[in-house]
Amino acid sequence: MPGQVMHRVGLTAAAENVAAIAARYAEDSDAHRTLSPEVVEEIVRAGFCRHFVPRRWGGESGTFVDLLVATAVVAAGCTSAAWCGALAAGSARLGVFLPEEGQRDLWADGPDALVVAGLTPGGTATEVADGWLVSGEWRYVSGCESSDWALVCGPAPSGGSVTRFFLVPRHDYRILDTWFPAGMRGTGSNTVVLDGALVPRHRSFLQEDMRQGRAIGSAEPCHTVPLRVASGLLFAAPALGAARGALSAWSTRVAGGGRAAVDAAAECRELARAAGDVDAAELLLHR
């Protein structure tokens with residue numbers, strides 16, 4: 001317990017630094033539709049990539065609450081940066097379902113490998129002697145421009161409803177520039193393309209193992225919890241932080257005054273009501 005508390009304080013402090021840098025580059029990230037390299041570097045340095053990596057590979061085996069706190073802090077500065085940080089942590093967590101040799105490949109250079117994931121099944125996988133030849137396109141893969149590895153999901157050659165994940169290094173996939181949204185532009189959620197990449201057997205696992213939390217080589221709660229129990233936190237945390245940031249900006253404007261007394265009173269009531277809603281959402285997520 002004391003070690004976990006110290007980690008939480010450190011992670012939050014690092015997240016505050018990420019938030020400051022991400023806010024500074026927010027307009028640049030928005031204009032280029034992907035995070036600035038300075039922001040990505042700070043996300044990695046803060047420990048988002050290693051947060052769920054098993055301790056035996058040099059990671060933290062951290063908790064979902066720690067990630068919720070840190071992500072919300074970053075989102076107050078830049079929601080796109082928080083989104084990418086949370087998904088970098090969540091995508092790396094999927095590495096624990098790989099066979100031992102696959103985990104060794106993934107974290108051979110340390111626990112800070114930046115992993116992205118295409119979670120929607122697609123593409124094709126043809127079984128060969130050494131593994132699978134995987135081809136296809138996976139859209140909306142956030143942060144892929146800065147990634148070291150990608151996990152893509154596709155139907156197993158055996159057919160039916162069996163689905164597998166395939167881990168591929170950066171040199172085995174290319175990226176199509178397809179991300180042109182109105183919001184969250186900085187996430188760089190472009191399309192990952194594989195053209196017959198050879199994926200050895202030790203770099204693949206069944207989707208059902210991930211859903212059920214059948215981790216290999218770890219009994220840590222963050223690895224063995226079924227996916228659907230906790231995955232929503234990865235998506236809710238940036239929204240929580242964005243709401244906190246909006247409340248802060250609104251509060252500053254209200255404090256500046258300059259409106260009629262009756263209007264100011266009405267706005268203060270609305271601000272208080274919104275703050276209560278955000279507090280309730282935060283409590284629900286922590287519980």
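Author: On the side of α3 turned away from its buried face sit the exposed residues Pro37 and Arg45. Helices here are DSSP runs of H or I with at least four residues, and strands are runs of E with at least two, both numbered from the N terminus. The model is predicted, so local features need pLDDT of at least 70 and side-chain atom pairs count only at pLDDT 80 or more, whereas totals for chains, interfaces and linings use all residues. Residues are numbered from 1 along each chain as its sequence is written, and side-chain values use heavy atoms, with hydrogens and water left out.

Reader: What makes the buried residues of α3 line one face of the helix?

Author: Val39, Val40, Glu42, Ile43 and Ala46 are buried in α3. Seen down the helix axis, these residues fall within an arc of 165°, so they line one face of α3; the arc is that of the directions from the axis to the C-beta atoms. An α-helix has 3.6 residues a turn, so residues three or four places apart point the same way. Glu42 of this buried set also belongs to a salt-bridge network with Glu41 and Arg45.

Reader: Why is the contact between Arg33 and Asp177 called a salt bridge?

Author: The term requires a side-chain nitrogen of Lys or Arg within 4 Å of a carboxyl oxygen of Asp or Glu; the N to O distance for Arg33 and Asp177 is 2.7 Å, so the pair qualifies. The partners come from distant parts of the chain, 144 residues apart, with Arg33 in the loop between α2 and α3 and Asp177 in the loop between β6 and β7.

Reader: How do you know whether Arg33 is buried or exposed?

Author: Buried means under 20% relative accessible area, exposed over 50%, and partly exposed in between, computed with a 1.4 Å probe on protein chains only. Arg33 has 15% and is therefore buried, while Asp177, at 44%, counts as partly exposed.

Reader: How many salt bridges does the structure hold?

Author: The structure holds 15 salt bridges, among them that of Arg201 and Glu127 at 3.1 Å, N to O.
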